[in-house]
Amino acid sequence: ASNTKNDTIRLVQLKTITRSYAELNPDSSLHYSEVSLALARKLGLKIDEGAALQEMGYAYLNKGNYPRSLQILLSAIAILNDPRSERGAPVGNYPGDDELMYRTATPHLQRLSALAFTELTLGILYTNSNIYEKASYYSMLANQKAVESGNLAVQSIVNLTMNRVY
């Protein structure tokens, strides 16, 4: 699949929209994550596919559907744990890009950042489910990858999540 700059800009915009609705309107967040997922799959961009699944899992978490959230988050982790998902990842500055995307980073750091967000979301899910050992485990994994990728946003949310765990 050929990847154009406009498609990448659209993915950036979709991620921003999806995240802006995450807590306020999980149904809208779910809708935009599904649109983002379809575009990422069409373009063959695995990091963006994993990131869209993370957003979708977070939407289901916010809707209170923990089993569906867990299923989707684990599928995101399967994609993002595979270094081959870095192939074809676009690098550059894009309008609307924010500090959470790290699109200017190498594909390796983009993947680690997306994986950190996904593991963090699992940590939150397990915290909300009072499964504190798994919450701690996934939060620590998320923190390691957030530190390595320089993702300060994930590092700060990990600290908030760990406060809840303790």
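How many helices and strands does the protein have? There are seven helices and zero strands, where helices (H or I, at least four residues) and strands (E, at least two) are DSSP runs numbered from the N terminus. This is a predicted model, in which local features need pLDDT of at least 70 and side-chain atom pairs count only at pLDDT 80 or more, while totals for chains, interfaces and linings use all residues. Residues are numbered from 1 along each chain as its sequence is written, and side-chain values use heavy atoms, with hydrogens and water left out.

**Overall shape**

- Along the sequence the pattern reads α-α-α-α-α-α-α.
- The protein is as compact as a globular protein of its length, because its radius of gyration is 15 Å, close to the 15 Å that the globule rule gives for 166 residues. That radius is taken over C-alpha atoms, and the rule is 2.2 Å times the number of residues to the power 0.38.
- Of the 166 residues, 53% count as buried, meaning under 20% relative accessible area, with exposed over 50% and partly exposed in between (1.4 Å probe, protein chains only).
- Among contacts (heavy atoms within 4.5 Å) between residues at least 6 apart in sequence, 65% join residues at least 24 apart.

**The largest pocket**

- The largest pocket has a volume of about 210 Å³.
- Here a pocket is an open set of points on a 1 Å grid over the protein atoms alone, with protein on both sides within 12 Å along at least five of seven lines; a cavity is a set where a 1.4 Å probe fits but cannot get out, and lining residues have an atom within 4 Å of a point. Grid points are joined across faces, edges and corners, and the volume is the space filled by probe spheres set on the points.
- Its lining has 13 residues, with Arg19, Glu23, Tyr58, Phe117 and Ile157 nearest the centre.
- Helix 3 (46-63), helix 5 (107-128) and helix 7 (152-165) are the elements that give two or more residues to this lining, and helix 5 gives the most, with four.
- By class, the lining holds eight nonpolar, two polar and three charged residues. Ala, Val, Leu, Ile, Met, Phe, Trp, Tyr, Cys and Pro count as nonpolar, Asp, Glu, Lys and Arg as charged, and the others, Gly among them, as polar.

**Helix 5**

- Helix 5 has 22 residues and reaches 32 Å between its first and last C-alpha, close to the 32 Å expected at 1.5 Å a residue; the expected span is 1.5 Å times one less than the number of residues.
- This helix is mostly covered, with 18 of its 22 residues buried.
- Just after helix 5, Asn130 takes a positive phi of about 60°.

- Helix 3 is largely enclosed by the rest of the structure, because 15 of its 18 residues are buried.
- After helix 3 comes Gly64, with a positive phi near 85°.
- Glu49 lies in helix 3 and counts as buried, at 9% relative accessibility.
- Leaving aside residues up to four places away in sequence, Glu49 touches Leu37, Ala40, Arg41 and Ile79.

**Helix 2**

- The buried residues of helix 2 include Leu37 and Ala40.
- Helix 1 (5-21) and helix 3 are among what covers the buried residues of helix 2.
- Gly44 follows helix 2 and has a positive phi, near 70°.
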